[in-house]
Amino acid sequence: MSEGGCLSTLICEPVHRDLDVWHFLFTNCSPPIASSASPTAEFWLAGERFIFTADPENIKALLATQFNDYGKGANFLRDWQEFLGHGIFTTDGEEWAKSRQLLRPQFVKTRVRDLDVFEKHVQHLLCFLDGQGKEVDVSDLFYGYTLDAATEFLLGRSVGSLGNADSQFAQAFAQVQKSQHIRGRAGPLGHAFPMRKFRNCLRTMDAFIEPFVQDALLNTPEELDEKELDEKEARSSGDTTWLHSVARFTRDRQVIRDQIVNLLLAGRDTTAGTLSFLFKELSAHPNIYSKLRQEILEKLGSHGAPTYEDLKEMPYLQHCINETLRLYPSVPYNVRLALKDTRLPRGGGVDGLSPIGVKKDNVIGYAPIYLHRNPAQYPPVSADSPPAAEFSPERWETWIPRPWQYVPFNGGPRICIGVGSSFMELVSSKADKPLQQQFALTEIGYTTVRILQRFGRLEKYWGIGDDMVKSEIVLSPAHGVKVGFFSER
């Protein structure tokens, strides 16, 4: 296959068919997957080599065992710096480690277990679901809901985007992400992308964030320490926020701004996307909706607000979340740059099972979504093992992913912050260690419980052609999720 053929397909395919593009690469570029046990391919563009992989051994090397060999690279930081600055998602080495060290203490269990923010905003969300079967785009509602919850959690005040089509911050945040995605997708041609609208929206974002940063820095570190001593009482009165906690450790307003934007991207979009796909699948599978609702009602009744322990103790809820993240990982495609001459463990040789050499500055793309949907990663189809492409929470009753076979939040040192080993605690009823919890996963479980407590039935209004996905940094339904909620009579 010529590099021109690969390139034209890669660029010209619609954004909603990214998965098809990756399949094309693995079946047409060298080495072809048909003669290889490793879904790994390479092609050349303008004299530069690109490697694509969905092999779990290669992903393990990129993210963990050869962590220091691969990183984001200077070009990635250059392309993303205006939006995300020198935040946790754009930096490498010591700078990345400092960001990680700054943020991790803010996600200790006592903070994420404070469910008051979720309860406040989910009650507002429920007001938009009339219970009479009126068609709503629940995906659009989830994006407003999660942005409001994330801004209140991080900044102490909601941006108020749910039900507010005129929210300037929400519009600017969405446009910046869309522009950044198009620019990044263009690769070497990204420098030609017009930036005026992008930068205007950035200014709108920063104008909203700056007063919060200023307010936090008006407190001296000593004053912030005093507030932190009585955190529970202070948080209930709204006197201290995540932002105040970060201001205890750094007085650099640019550092604080960059970390806020990084966490807004992670905390809002990943949660909204996962909730959207979960309810899309629930609307398509009434039996799964009924089974999940029965578990929730048996545990909490129709009104009881769940605690974190309640969420852990509902295994079918966790199976539904697992299965959604398996089919729809929040970041379906990602990239690393070789920081030195190195190698990947698989993809070379006639059968693809030998190591493959990687030169410094080679770009390696990897695809968790392809990995998760690859039938070769699963047992043969049977009554206990449904097809890889099928949404089946029951598969988690017997199937345990092998290491690096399931990576919805990356892995290794760069695993989604606040997850670590606790990821398997939250999504598995069998875990027994009370480690740190993760904001987004708790919000997904909490929101799902509160909605299913209220509504006895969920009707699917989306149809053929509405099941496409798009990836503008984070995976989301391409055409929304149109459904109707029915209250129990």
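Visitor: How many bridges join β1 to strand β2, and in which sense do the two run?

Guide: In this predicted model, six bridges join β1 to strand β2 (residues 48-53), and the two strands run antiparallel. As a general idea, strands of a sheet pair through backbone hydrogen bonds, and the pairing may be parallel or antiparallel.

Visitor: In what order do the strands of the open sheet lie, and which are the edge strands?

Guide: Five strands form the open sheet, in the order β1-β2-β8-β5-β3, and their pairing is mixed. The edge strands are β1 (40-45) and β3 (70-71), each of which pairs on one side only.

Visitor: How do β10 and strand β11 pair?

Guide: β10 and β11 (residues 474-477) pair in the antiparallel sense over four bridges, and within this pairing Lys 470 has Ser 476 of β11 as its bridge partner. The hairpin has one residue between the strands, and in it Ile 473 takes a positive phi near 75°. The faces of strand β10 (residues 469-472) can be read as well: Val 469 and Ser 471 make up the covered face, whereas Lys 470 and Glu 472 make up the uncovered one.

Visitor: Turning to helices, what should the 15 residues of helix α15 span, and how far apart are its end C-alpha atoms?

Guide: At 1.5 Å a residue, the 15 residues of helix α15 (residues 286-300) should span 21 Å, and the end C-alpha atoms are 21 Å apart, which agrees. Just after α15, Gly 301 takes a positive phi of about 75°.

Visitor: Which residues of α15 are buried, and where do they fall when seen down the axis?

Guide: The general idea is that an α-helix has 3.6 residues a turn, so residues three or four places apart point the same way. In α15 the buried residues are Ile 288, Tyr 289, Leu 292, Arg 293, Glu 295, Ile 296 and Leu 300. Seen down the axis of α15, these buried residues fall within an arc of 155°, so they line one face of the helix. The face turned away from that buried side carries the exposed residues Pro 286, Asn 287 and Glu 298.

Visitor: What covers the buried residues of α15?

Guide: The cover includes the helices α14, α16 (308-312), α17 (315-327) and α20 (439-454), together with strand β9 (455-460). One of the buried residues, Ile 288, is also in contact with Pro 393.

Visitor: Where does Pro 393 lie, and is Pro 393 buried or exposed?

Guide: Pro 393 lies in the loop between α18 (368-373) and α19 (422-427), and with a relative accessible area of 0% it is buried. Leaving aside neighbours within four places in sequence, Pro 393 is in contact with Ile 288, Tyr 316, His 319, Cys 320 and Glu 323. Pro 393 and Gln 318 are 75 residues apart in sequence, yet their C-alpha atoms are 8.6 Å apart in space.

Visitor: How many salt bridges does the structure hold?

Guide: The structure holds 22 salt bridges. To read one of them, look at the side chains of Glu 210 and Arg 253, which meet at 2.6 Å, N to O. Glu 210 lies in helix α10 (residues 196-217) and Arg 253 in helix α14 (residues 253-284), so the pair ties together parts that are 43 residues apart in sequence. Glu 210 is partly exposed at 33% relative accessibility, and Arg 253 is partly exposed at 35%.

Visitor: Arg 49 and Glu 42 also meet in a salt bridge; is Arg 49 buried or exposed?

Guide: With a relative accessible area of 13%, Arg 49 is buried, because the cut-off for buried is under 20%. Its partner Glu 42, at 22%, counts as partly exposed, and the distance between the two side chains is 2.8 Å, N to O. In the salt bridge of Arg 457 and Glu 459, at 2.7 Å, N to O, Arg 457 is partly exposed at 41% and Glu 459 is partly exposed at 30%.

Visitor: Which residues are linked in a network of salt bridges?

Guide: Glu 82, Arg 183 and Arg 199 are linked in such a network.

Visitor: How many helices and strands does the protein chain have, and what share of the residues is buried?

Guide: The protein chain has 20 helices and twelve strands, and buried residues make up 55% of its 489 residues. Among contacts between residues at least 6 apart in sequence, 71% join residues at least 24 apart. The accessible surface of the chain comes to about 20,900 Å², of which 54% belongs to carbon and sulfur atoms.

Terms used
Residues are numbered from 1 along each chain as its sequence is written. This is a predicted model: local features need pLDDT of at least 70, side-chain atom pairs count only at pLDDT 80 or more; totals for chains, interfaces and linings use all residues. Side-chain values use heavy atoms; hydrogens and water are left out. Buried means under 20% relative accessible area, exposed over 50%, partly exposed in between (1.4 Å probe, protein chains only). Two strands pair if DSSP finds at least two bridges between them. A salt bridge is a side-chain nitrogen of Lys or Arg within 4 Å of a carboxyl oxygen of Asp or Glu. Contact means heavy atoms within 4.5 Å. Accessible areas come from the Shrake-Rupley method with a 1.4 Å probe; for residues, only the protein chains shown count as cover. The expected span of a helix is 1.5 Å times one less than its number of residues. The arc is that of the directions from the helix axis to the C-beta atoms.
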